[in-house]
Amino acid sequence: MMTHKALKTGGMGEWLLADTPDSAFQAWAGRAYLGLMAFMKNRLAVLGLLIIAILIIIAVLAPVIAPYDPVETNIGNRLQPLSFTHYFGTDEMGRDIFSRIVWGSRLTLYVIGLVAIIAAPVGILVGTVAGYFGGIIDTMLMRITDIFLAFPKLILALAFVSALGPGIENAIIAISITSWPPYARIARAETITIRNSDFIKAVKLQGASALRIIAGHIMPLCLPSLIIRVTLDMAGIILTAAGLGFLGLGAQPPSPEWGAMTSSGRTYIIDHWWLITMPGTAIFIVSLAFNLLGDGLREVLDPRSDN
Amino acid sequence: MKKLFLFVFALSLFVIQTTHASTPKDTLVMAFNIDEIISLDPAEIFEFASAECAANAYDRLINYNVDNVSEIYPGIAESWDISDDGLTYTFKIRKGVTFASGNKLSADDVVFSLRRVVLLDKSSAFILTQFGFTPENVKKTITKVDDYTVKIIVDQAYAPTFFLYCLTSTAGSVVDKKEVMAHEKDGDLGYGWLKTGYAGSGPYTLRTWKASEIIILDANKNYWGDAPKLKRIIIRHIVGSAGQRMLLEKGDIDMARNLTADDLKSLEKNEDIKIQKRAKGRVYYLGLNQKNKYLKIPEVRQALKYLIDYKGMEQTILSGKSTLHQAFLPKGFLGALEEIPFSLDIEKAKALLKKAGLENGFTLTMDTRSAEPVTSMALSIQSTFAKAGIKLEIITGDGKQTLTKYRARRHDIYIGDWGPDYMDPHTNADTFARNPDNSDDAKFKSLAWRNAWDIPEMTKKADAAVLERNTAKRARMYLDLQREHQRISPFVIMFQDIEVVAERANVKNFILGPSFDSNFYQYTTK
Amino acid sequence: MSELLIRTRPIRTLKQTVRILVMVATTFLGLLLITFLIGRIVPIDPVLAVVGDKASPQVYEKARIAMGLHLPLWKQFLIYIGNVVTGDFGTSVLTANPVIDDILRVFPATFELAGTATVIGILVGIPLGIFSAVKQGSFLDHVTRVIGLFGHSLPIFWLGLMALMLFYVRLDLLPGPGRVDFFYEGIVTPVTGILTIDSIVAGEWEIFRNAVYHLILPASLLGYYSSAYLLRMTRSFMIEQLRQEYILTARVKGVKEWKVIWGHALGNCAIPLITVIALSFGTLLEGSVLTETVFAWPGLGLYLTNSLLNADMNAVLGSTIVVGAIFLGINLFSDFLYKVMDPRAR
């Protein structure tokens, strides 16, 4: 509260919280600022964000942080319990589990990053085109979207992986194929509200093509809500990828993907608990972090909606 | 709310006081990976688990002593004669044998069963057709003399044990002609039905088979020999060693069949569990495709044989489950070579590679089935190859995928295992050391063919060995063949399998033979 | 799934009913098209799978024609639709049975598991959700929410293995993998396929007890996931209701607080709640894939996994269609509920 008051009297804070903003940007910045304030009050969400930041740092600095090579085997040193030389012990091939988890963070980010990069643009394209043109195009595109939505995600992903063959790239493709429909729905809803706004009409009068309007004016406006939705989905993507890895249909050995590590650690669950506990915990912590962040974002943006 | 909690509490009490029941006295429950079974028709069975089932549910013409393979004893055939020219075999059929269905077994059933294998021509049919039987000639070559005599004519004077051993395999099982033909559809000889059905005379009858889930066998009340001791055998599919071990230690099963070396080692300390071992015929090997420009260089092949940590793998990932073995005939077979010329020797390998002008290294791929212990072996091989500058990329897939690629000769290196199909040495010589036609569309596709290894000379030597009727001389021929094979072949033979069964201490007389179709339940007690 | 929920609006007229039916039909067709195309891009030769790799070119060609693979794609698709509609999904390579028979055999086990889990989810999730909504912002509300978030974050296969380790191996409180102790298998003849019911029908009380005992752990785990979802939905529905004016009016009128909450507010979220429950049952079918693998539970999930690992495409696609169809059915059902039960929708 102190800072709040202090800011109100100062330049930046006053500008941000002005009752009558001078420009659209100022209004937007003000809203964002308030949102940020609310978000920062949600300690759990901040914790989530913090964990994700740490994950990214770990992934970037993996070669520095990991004391050992994640795939090189050393059979003489297998199944060692936790110690100061091997913080999380070693696995059945004598590989350092801590190093594998550290390198595995890259794979996790790789999966969610690529899924977002593939699924979000597809979703936004389908959604904006459907929303902008309406009519028969809208009906058809939305029908296709509904068909994909009608499938249970994991099962559709499984069917695709079985057709494409196991592997992390194919898992990413399969997850992407099942992830874009909600984005299309959101983009469509946003587009319909934007479509009839005055500024779009103005651009139209200037003779801009549909392509330019969609790409240049509508898509950027859809982005914020889409980004939030993608963040919300991250935990689910992580769990699906790990599930595929667990079933042996995702990342293949010796890659240090956490789900695949859990799967191979399953054989040693009775005597060597760390093989399965460590990667499982890693999956849990990271997906929890995304859930906490998503939950916080949702609360800030719309305290009433819960979906 | 309070009521709800009370209810849940009461329910949990009800559950918790349920005591842990152990398995019934007259039932043997085992955990076994049975997802490989695709058929229970003896004319088609070619997998370990199904062969074991058939061994207990069907009778064969001849059996061999599991403790001394060279001793062959009568089954459904009471006695047999071999003509002087070595071409005609006459079998006297045992009287008084009835099938589980109640039908009487006679020469008709025997002739029908053997002809059926040839006519259906499924993957295991070659065990019989290699003696010259074809769908066209079976009416003349496999015939009934009278109700209890069968005459069989083979196309060459083979070593007699060769043919007799082949009849001890699953393909030599006798099926109930009446029962099978009652279910015939569109001239399929009852194949569609028998795939999941049962028409045998063995000590146990098939009650239920649910693929990848469960097999239930019941004692056959009509069995002609010693009555089976246990009333029921339940084989439950449990994936993974840990799951099987949990169930075994808790007493929920009596026997676990697919435990890893690590779990077996831990179980040694448990007094309630005992461990039974038996060397099996399966060997683990690397197949080096001769279509690959590096692998066809003799020095490279030789170098790779020195780049495997045989001892390390045997002691760690395979401990107790496999034993070091480097010749194509497994121990226990006639003429098996037990010399171990290769060990991990990186300097020697480097020297060999230098000789081939490849000291700067190169890249190879290895198709690997994603199942233990093969994956762990692959990883170990990858790291020792790397020490001599060879970059090995492991391509994993399920059994069918890797095998399809292997059969199409599109691999660089294939890591796999090979189990003999019958107890005669020719079974492995045939596949590792014979390749009569190396062209892509060859009819006979042995392992040597799969690796595009063109060996007209060696093929002749193997052919000569199978026709040698003097057993001692035959054994010497195989020893020589194996020594030469070790030196030049594109096969890195590494280990021989040991089957290990962990069972509750009260289980007795579970018979483990040298092959999966000679594991018997009949005498088992609890 | 939630998107579909948002979309479902009350049905008012017959015309709307027809429209929904048409939509369901086209969605189902699309579902078939996707599975059909997946079946075409598979690198496995379907003819080879039938005739075996030793078949002569003539036999191969004959089989190819018999399977209709020489026809143009659209014709093949029409044949495929015809087959699926008549319940013909082809034969499983793995089990040698028609896929539809296999699915009918294994599905009850999944239904039993997912059904029990849904009941557990309702019993735990809804009261906790109401509680959180009423005491919004309290310490307990936070704890409940965190427990709920855990449910959305824990990999179910991992939690299942850990629970098995704890309750079966270490504490010896609950039984291990399987639907029933193995020596009890094959005794009860399936009537419904739901073991707890079949064992009662057969009068095998020991087996019934044993089956219930085996259900507890996997059903509780799945139930936890379901309750995490139901909790969150209930909480948000209730918060919205409790903000409404009629609640204030009721309170002012002196209606007892418990009646306001459990009667007025909850009554008004009943319809959306039932829809959410139906949808959560659908998601449990999905969760069962991983749970059944961990618990060796012989249901549709395990069947699907086994088929996947053995590249048994007929079985994979058959199971996918069945689960997809159940999902569609559930959506239709929730639409229907609005029509019948929500007075405002009439």
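Q: What makes the D262(B) and R78(A) pair a salt bridge?
A: In this predicted model, the side chains of D262(B) and R78(A) lie 3.0 Å apart, N to O. The rule asks for a side-chain nitrogen of Lys or Arg within 4 Å of a carboxyl oxygen of Asp or Glu, so the pair is called a salt bridge. Between chain B and chain A the count is two salt bridges, and three residue pairs are in polar contact, both residues at pLDDT 80 or more.

Q: Which elements give two or more residues to the side of chain B that touches chain A?
A: They are α9 (241–250), α10 (261–267), α12 (310–315) and α14 (374–386) of chain B. The largest share, six residues, comes from α14(B). By class, this side of chain B divides into six nonpolar, 12 polar and three charged residues.

Q: How many residues does the contact take from chain B and from chain A?
A: Chain B gives 21 residues and chain A gives 16 residues. Contact requires heavy atoms within 4.5 Å, so these residues are the ones counted on the two sides.

Q: What is the area of about 1,600 Å² between chain B and chain A?
A: The size of an interface is often given as the accessible area lost when the parts come together. Chain B and chain A bury about 1,600 Å² between them, with 59% of it on carbon and sulfur atoms. Because buried area is summed over both parts, this value covers chain B and chain A together. On the chain B side, D262(B), L379(B) and T396(B) lose the most area to chain A, together 29% of what that side buries.

Q: Where do the bounds of the two domains of chain B fall, and how far apart are the domain centres?
A: Domain 1 of chain B spans 40–194 and domain 2 spans 279–498. Their C-alpha centres lie 32 Å apart. The contact between them takes 21 residues from domain 1 of chain B and 12 residues from domain 2 of chain B.

Q: What makes up the interface between domain 1 and domain 2 of chain B?
A: The two domains of chain B bury about 1,300 Å² between them, 64% of it on carbon and sulfur atoms. F48(B), A159(B) and F162(B) supply 29% of the area that domain 1 buries against domain 2, more than any other three residues. Across this interface the rule finds zero salt bridges and two residue pairs in polar contact, both at pLDDT 80 or more. On the domain 1 side, α4 (126–129) and α6 (160–167) of chain B each supply at least two residues, and the largest share, five residues, comes from α6(B). That side has 13 nonpolar, six polar and two charged residues.

Methods. Residues numbered from 1 in each chain as written. Chains lettered and ligands numbered in written order. Predicted model: local features only at pLDDT ≥ 70, side-chain atom pairs only at ≥ 80, totals over all residues. Heavy atoms only, no water. Buried area = accessible area lost by both parts, 1.4 Å probe. Polar contact = N/O pair within 3.5 Å; in protein donor to acceptor, adjacent residues only side chain to side chain. Helix = DSSP H or I, 4+ residues; strand = E, 2+ residues; numbered from the N terminus. Nonpolar A, V, L, I, M, F, W, Y, C, P; charged D, E, K, R; others polar. Domains from an automatic or database assignment.
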